[in-house]
Amino acid sequence: MTGFARRERQFPWGLLAWELKTVNHRFLEMGCRLPEEFRVGEAEFRQAIAASVRRGKVECSLHFRPAAVLSSLEVDAELLGSLTLRAQQIAASAGMTARIDVLELLRWPGVIRDASRDHTPMIAAAHGLLADALTELARSRDSEGGRLRDALEQRCAGLVEFAARVTERLPQVRSRMRAKLLERIAQLVSDVDHERLEQELAILAQRLDVDEEIDRLRGHVTEVRKTFDGPEAAGRRLDFLMQELNREANTLSSKSQDIETTRAAVDMKVLIEQMREQVQNIE
């Protein structure tokens, strides 16, 4: 489900701000952008997000603005030397002279670090602020989840209504098919093949017997509604139920010997496809 959250807080050592965005995705996919000072906590940040969001594409960004100019700076000479050497090698391979911008090198993550600052409380503060952002994100996603639930419930009601129409029409369909069969028998009354007649009756009964499909379809709709109120993540279970609903609608359509029943089956499949697309957005 889509969602957005932003939480920021001023600390004595600087300003922290988390931005979290989620969009629809079949599985959990996560991307994190962190300042160099906070990369040591990336694994824990990811664990906290994964515990809160189980499905969707998550983009999380942590912004850090120091409170003052850093008083004690260290340069990672090894990293700086490696960057300079790489730049020279690339230029040489292209037949050029390396033009190295020192300021650009100093902007490279990790080249400059604050030796006087203890990052431990900063990481802890980022964890606390992330928890607040995740709470806000959950509220945002819950709001969309409520709208999705209402849309799915409307389509469940539509499926039940179409199933009722099919059930109400079955006696009329059976009566008409019986009349057709009796007419055929009357045409052959002079030479009735009883074995053939039994075969025709068996085939007709099999084609008309959609009660089981209707019962299963109603049962699946009941399970969908139960899943809405379940404590666990509902997305994967709803995926499976959509497959089962579609299976019953297809079988109903293939067995139909009546144009109105066929139309009802097609309308069911349209509703189920709409539900299947919406279910992809549900955690």
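**Reading the cores and salt bridges**

Student: Which residues have the most contacts inside the largest nonpolar core?

Tutor: A nonpolar core is a set of buried Ala, Val, Leu, Ile, Met, Phe, Trp, Tyr and Cys residues joined through side-chain atoms within 4.5 Å, where buried means under 20% relative accessible area, exposed over 50%, and partly exposed in between (1.4 Å probe, protein chains only). In this predicted model the largest such core has 29 residues, and those with the most contacts inside it are Leu 159, Val 224, Leu 238, Leu 245 and Met 268. Two or more residues come from each of α4 (120-187), α6 (211-228), α7 (235-255) and α8 (259-279), these helices being DSSP runs (H or I, at least four residues) numbered from the N terminus.

The model is predicted, so local features need pLDDT of at least 70 and side-chain atom pairs count only at pLDDT 80 or more, while totals for chains, interfaces and linings use all residues. Residues are numbered from 1 along each chain as its sequence is written, and side-chain values use heavy atoms, with hydrogens and water left out.

Student: How many salt bridges does a search of the whole structure find?

Tutor: A salt bridge is a side-chain nitrogen of Lys or Arg within 4 Å of a carboxyl oxygen of Asp or Glu, and the search finds 17. One of them joins Arg 216 to Glu 212, with the closest N and O atoms 2.5 Å apart.

Student: Where do Glu 244 and Arg 247 lie?

Tutor: Both lie in helix α7, 3 residues apart, about one turn of the helix, and they form a salt bridge at 2.9 Å between the closest N and O atoms. Glu 244 is buried at 14% relative accessible area, whereas Arg 247 is partly exposed at 46%.
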